[in-house]
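Hi there,

I am passing on the structure we talked about, together with some notes on it. Please have a look at it before you read on.

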Amino acid sequence: MSTAGTRGARLPGSYYLWLAGILASVTGDAVFYFAIGWAASASGGAVAGLALSAITLPRVLLLLIGGAVSDRFSARRVLIAGDAAMLAFSLILAAVAYHLGASPSVLIVAGLVVGIADAFYLPASGSMPRRLVCKEQLPRALSLRQVGGQVVNMGGGPLGGLLVGLAGLAGAALVNAVTFALVLVVLIVVRPQYEPPPAPRSGHLVKEAWDGVSVAFAHPVLRPALMMTGAAAGFLLPVLLLLLPLLAREQHWDASAVGLAIGAQGVGMVAVTLLVLRRGALGRPGLLAACGLIVAGAGVLGIALSPGAGAVLVASFGVGIGNGLFAAHIMPLVLAVTPDSHLSRIQAVLVLVQSLALLLMNNVLGNLAGFSSAVTTLTVCAAVIVAVGLLGLASGPLRNNRTGLGSAPG
């Protein structure tokens, strides 16, 4: 089959089955995270922060180890083991919460278990599309996953609120257990078609984990791709959820204006994602990802300079277009150029870069807005995003990479 034919071919049935299982799991996680946060809030802000930090801290600390374990023992085995463990834990938590209630100690232990499981699960799950589809189909495969994730994110909060209101933490844990059971069945049935051989063992898991970092930042394409991903996480993601509400309060706009702007960004992003889902990659992925950041940065500047709430909607739509171009091309590129021996470890580095950038910059940007203004902070974000996009364009290996395109035009 030709490269162009492969790009346009229907995705394998195994990928659709795996994706259905993953989206079911993400739905269960959304409900469960809402339930933990809601139950913890009953004991005050300190407990709520501690419960949510209990998820984040072990996840960040163990991500690199989780990626090394997945590359050593196979992603599918790690996912099956993780689903089985979380299925058992969810059932135990449901019983404990039903009989003893959602005490702070129960919530913190639950958060720790979830965080540890995520550290092993996320790198393995992130590498699965590369194991299930050919490189030429990665843009369409990941776009479909992104669209599904957007739908789940929109419905997860309301569903979580409904279930927690009806059945509390115990009910949310049971729902999570059902989704883990579904994914477990799917993973047992699905067999990756493009599974590389296990990575060579060095004998030391920590050394193998660190090797993932070394490979990522020594690779001529992965290094600038990770730089752009970190910039997007640190300077683009906080714009709508952190800085736009602060801007609205400074300008005396109501909350509905913020909600509509967030919706406009989502529309722009989904529009690009659906186009990629239909056509495949729109051209050289590194080039388009860098251009996407520049478009998103211009949209952020438009938000900062908007004279009113109506103009913010247009600027937010532009942010969504740019963010969509970036995400729909950078993620397939990272997966496609990753060495077969490091699939899960590079995914671990990718998640770690995003997590640390977002964790750091949410605090930095929030404080900067407090000391100066939301307009100033948004302008700084726009400048950084555009500058990083230009740096991406200046990288020849990233700009000219055609992985997954073959000889197809673009």
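Leu17, Val185 and Val189 make a nonpolar surface patch of about 260 Å². Patches are built from residues with over 30% relative accessible area and no salt bridge, with like charges joined within 9 Å and nonpolar side chains (Val, Leu, Ile, Met, Phe, Trp, Tyr) within 5 Å. The areas come from the Shrake-Rupley method with a 1.4 Å probe, and for residues only the protein chains shown count as cover. Val185 belongs to helix H6 (residues 138-189) and is exposed, at 53% relative accessibility. Here buried means under 20% relative accessible area, exposed over 50%, and partly exposed in between (1.4 Å probe, protein chains only). Helices (H or I, at least four residues) and strands (E, at least two) are DSSP runs, numbered from the N terminus.

Before the rest, two notes on the source. This is a predicted model, in which local features need pLDDT of at least 70 and side-chain atom pairs count only at pLDDT 80 or more, while totals for chains, interfaces and linings use all residues. Residues are numbered from 1 along each chain as its sequence is written, and side-chain values use heavy atoms, with hydrogens and water left out.

Now to the charged side chains. A salt bridge is a side-chain nitrogen of Lys or Arg within 4 Å of a carboxyl oxygen of Asp or Glu, and by this rule there are six salt bridges. Arg131 and Asp71 form one of them, at 3.8 Å from N to O. Arg131 sits in helix H5 and Asp71 in helix H3, so this pair ties together parts that are 60 residues apart in sequence. Arg131 is buried at 2% relative accessibility, and Asp71 is buried at 6%.

Asp71 also meets Arg345 in a salt bridge (2.9 Å, N to O). Because Arg345 is in helix H12 (residues 343-371) and Asp71 in helix H3, this pair links parts 274 residues apart in sequence. Arg345 in turn has a salt bridge with Asp211 (3.8 Å, N to O). Asp211 is in helix H7 (residues 205-218) and Arg345 in helix H12, so parts 134 residues apart in sequence are tied together. Arg345 is buried at 4% relative accessibility, whereas Asp211 is partly exposed at 33%. Through shared partners, salt bridges join Asp71, Arg131, Asp211 and Arg345 into one network.

One backbone detail to look at is His252, which has a positive phi of about 65° although it is not a glycine. His252 is in the loop between helix H8 (222-251) and helix H9 (255-279).

Best wishes
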